[in-house]
Amino acid sequence: MRFLARSLLRPYVCPSCRRGLQSGRRGFASNSDEIPDIYDVVCVGGGPAGLALLAALRASPLTSKLKVALIESQDLNKARNWSSEPHEFSNRCSSLTPSSVSFLQKIGAWKHVDNSRVQPYQEMHVWDGQTGSRISFDWSMETSPFESLRTVATMTENANLVRGLLLRISELDDEGVSIFSNTTVSSIQNGADHKDGPDLSAWPVLSLSPSPSAVSNVPSTIAARLLVGADGINSPVRSFADISTDGWDYNRHGVVATLSLSEPETPVFPVGTRTAYQRFLPSIGGPIALLPLPNNHASLVWSTTVENAAYLKSLPPHAFVAMVNAAFRLSMTDLQYMLRLDPSATPSSGAAVSQHEDELQWRLQHTPLPAQVPPLVTSVQERSVASFPLRFRHASSYISPRVALVGDAAHVIHPLAGQGLNLGLGDVASLVSAVECAVSHGMDIGDLLSLERYVSERYAVNAKIGGVCDLLHRLYNVPGHGPVAWARSLGLDMIDNLPFVKSFIMKQAE
């Protein structure tokens, strides 16, 4: 925890001091006579954060005339033409807060997101699988006249959001906009002082390497007045800027899948209400969450040990479904036993069900169910089960001269609160605001003085949320019934019985 405190509470360094500290941080390119194409803003990374940045810059009257470029190694034409059957959903989904949806509406992108594949939800039930302590939130009971403020979050597939952002960018004036997809950045260096051209010695210059399927007009080099890294946890832009990161691996994997649910025999909640469920499993390695999707589907995120994740992915579909249902219903002892069953074994009775299904059915007869468990999972979508490693990372700074980091390039947190993409969109909104301020005051958008507003708005916020998620992960990975388990259970029960505290937490989630 001492390391966490050091990474989250790094002392502030003033811009003039940081210039001195970073004066020798980057290698310089040779004095080539070739003058690169010059852009005001270059963004590396064409995920939701990078595309939102481009759309926001183009949508703002103050920044719409800036010359901007985006570089993405994947084929964005495929992303623009993405489509899926109504009963099939991607396993890469995000839970967008009302603030994120409001930002996407402001920049004109939300209207291009397919609403039939979007699911708002108003309720959330969280409980401790070890002690049974629980807390429930109901945003549908909020008194706000605005429906968006009575929604805890909105589920959407990342592919649906990416397509919507691309359609919004296409809708805007394309003059001064360059999107280089199927293109990688082979190197980033400081430019040179050209005898017959501009002095780019303090500007990032990117060498581009297009794939054979890329468009033919990709330049060999481009220079950026402001280079934005939206290029993920292993960000080349962050490496170029010599910005360090603190963090650790959790030795946990997040198992994801798309599930079909049964309709409850007796609706527990009002018609039209959708609910998210999360159960902490201290003896298993992390929480399991079920987040609603349209047409009675749900997105699964199960944080667990690397060994358990490999085991779950090895199961046939019917056994995997049984394990998910067990994780929301059975005791830790029963669940640990089922995680040791032979994936290929059949029950001794010779019944036409898997050993996992047989064990679940028998154990449910002897297990008192927690109140308000989710509907039973009936099937798992083919090829939707996957996993990814869980990590914590936080950059020592989000800015450097002519460089800014957003999203996973700046911070990576535990997914238990579903805040990863929301933090990235918050970064984009703040950075665009800082660029607007610089443009309106005639300032250089790549100067540290222009960028300090962005880092001052976002660094502490992201550090706080990342720290809380890390603390919750550690707190709920302590098994047994000792002081830690007693304290966390008491905390949940107290909050659940204090409406004003719950209301405060609900407002923070927006």
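Visitor: Where does Asp-242 sit?
Guide: Asp-242 is in the loop between α7 (236-240) and β12 (245-261). Helices (H or I, at least four residues) and strands (E, at least two) here are DSSP runs, numbered from the N terminus. This is a predicted model, where local features need pLDDT of at least 70, side-chain atom pairs count only at pLDDT 80 or more, and totals for chains, interfaces and linings use all residues. Residues are numbered from 1 along each chain as its sequence is written, and side-chain values use heavy atoms, leaving out hydrogens and water.

Visitor: OK, and what's its phi, for Asp-242?
Guide: Near 60°, a positive value in a residue other than glycine. Arg-383 also isn't a glycine and has a positive phi of about 60°.

Visitor: Is Arg-383 buried or exposed?
Guide: Exposed, with a relative accessible area of 75%. Buried means under 20% relative accessible area, exposed over 50%, and partly exposed in between (1.4 Å probe, protein chains only). Arg-383 lies in the loop between β16 (377-380) and β17 (386-395).

Visitor: New topic: helices. How many residues of α6 are buried?
Guide: Ten of its 14, so to speak mostly covered. Among the buried ones are Asn-158, Arg-163, Leu-165 and Ile-169.

Visitor: What does Leu-165 touch?
Guide: Beyond its neighbours within four places in sequence, Leu-165 is in contact (heavy atoms within 4.5 Å) with Pro-48, Leu-51, Ala-52, Ala-55, Leu-104, Ile-107 and Ala-109. Leu-165 is also one of the residues with the most contacts inside the largest nonpolar core, which has 74 residues. Such a core is a set of buried Ala, Val, Leu, Ile, Met, Phe, Trp, Tyr and Cys residues joined through side-chain atoms within 4.5 Å.

Visitor: Which residues are in the second core?
Guide: That separate core has 35 residues, including Ala-257, Leu-261, Leu-335 and Leu-360.

Visitor: And strands? Which way do β9 and β10 pair?
Guide: In the antiparallel sense, over seven bridges, with β9 at residues 183-190 and β10 at 204-210. Two strands pair if DSSP finds at least two bridges between them. Ile-188 stands opposite Leu-206 in β10.

Visitor: Back to helices: where is the kink in α13?
Guide: It's centred on Val-455 and is about 30°. The bend at a residue is the angle between axes fitted to the seven residues ending there and the seven starting there.

Visitor: What caps the N-terminal end of α13?
Guide: Asp-447 does, with a side-chain oxygen 2.9 Å from the backbone nitrogen of Leu-449.

Technical notes
Polar contact = N/O pair within 3.5 Å; in protein donor to acceptor, adjacent residues only side chain to side chain.
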